[in-house]
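Please look over the model below before reading the comments. The points are meant for someone who has not seen this structure before.

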Amino acid sequence: MYCDERSYDALCGKENVFKAENEDFYTEYGGPEISVKTVDDLSEAIEHINKCSTHHSEAIITRNKERAKTFMEGVDSAVVYENASTRFSDGFLFGLGAEIGISTQKLHARGPMGLEALCTTKYFVSGNGAVRK
């Protein structure tokens with residue numbers, strides 16, 4: 001865990017807890033690593049995610065439906081989850097067929113394109129603690 005000052009102080013002394021550098025919040029990890037940013041409210045969380053994420057998939061775990069709605073509408077990512085794992089971001093699981101290529105970026109189009117290629121789809125997924133092993 002790469003932690004900001006507040007979360008580092010709370011977890012100090014725990015195994016595998018390190019002070020985060022600014023670039024850690026822009027890093028997409030390929031393993032069991034995470035950057036932890038402590039925020040004061042939902043607006044600050046959405047702002048941080050929109051600034052630092054890959055805009056691929058984000059999740060909120062909450063019992064508050066209004067906060068979930070605000071989060072899901074405010075986060076600028078291709079897939080937003082409420083109470084479900086981001087590991088469900090898979091073309092096959094979405095009913096789109098087998099994945100033949102994958103991009104963790106928001107826009108997929110390259111080269112000459114028309115208006116249709118500049119449009120993206122945003123998926124809203126709600127669950128009850130669903131995980132994918």
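1. The model is predicted. Its protein chain contains 3 helices and 6 strands, in the order β-α-β-β-α-β-α-β-β from the N terminus.

2. Along the principal axes, the C-alpha atoms occupy a box of roughly 50 × 35 × 30 Å. Of the 133 residues, 27% are buried. Among contacts with a separation of 6 or more, 51% join residues 24 or more positions apart.

3. The structure holds 4 salt bridges. One of them pairs Glu5 with Lys19, at 3.8 Å from N to O. This pair links helix 1 (residues 5–11) to strand 2 (residues 18–19), across 14 residues. Glu5 is partly exposed at 48% relative accessibility, and Lys19 is partly exposed at 47%.

4. Lys65 and Glu82 form another salt bridge, with their closest N and O atoms 2.8 Å apart. Lys65 belongs to helix 3 (residues 65–74) and Glu82 to strand 5 (residues 79–84), 17 residues apart. Lys65 is exposed, at 56% relative accessible area, whereas Glu82 is buried, at 6%.

5. A salt bridge also joins Lys69 to Glu73, at 3.2 Å between the closest N and O atoms. Both residues lie in helix 3, 4 residues apart, which is about one turn of the helix. Lys69 counts as partly exposed, at 44% relative accessibility.

Conventions:
Residues are numbered from 1 along each chain as its sequence is written. This is a predicted model: local features need pLDDT of at least 70, side-chain atom pairs count only at pLDDT 80 or more; totals for chains, interfaces and linings use all residues. Side-chain values use heavy atoms; hydrogens and water are left out. Helices (H or I, at least four residues) and strands (E, at least two) are DSSP runs, numbered from the N terminus. Buried means under 20% relative accessible area, exposed over 50%, partly exposed in between (1.4 Å probe, protein chains only). Contact means heavy atoms within 4.5 Å. A salt bridge is a side-chain nitrogen of Lys or Arg within 4 Å of a carboxyl oxygen of Asp or Glu.
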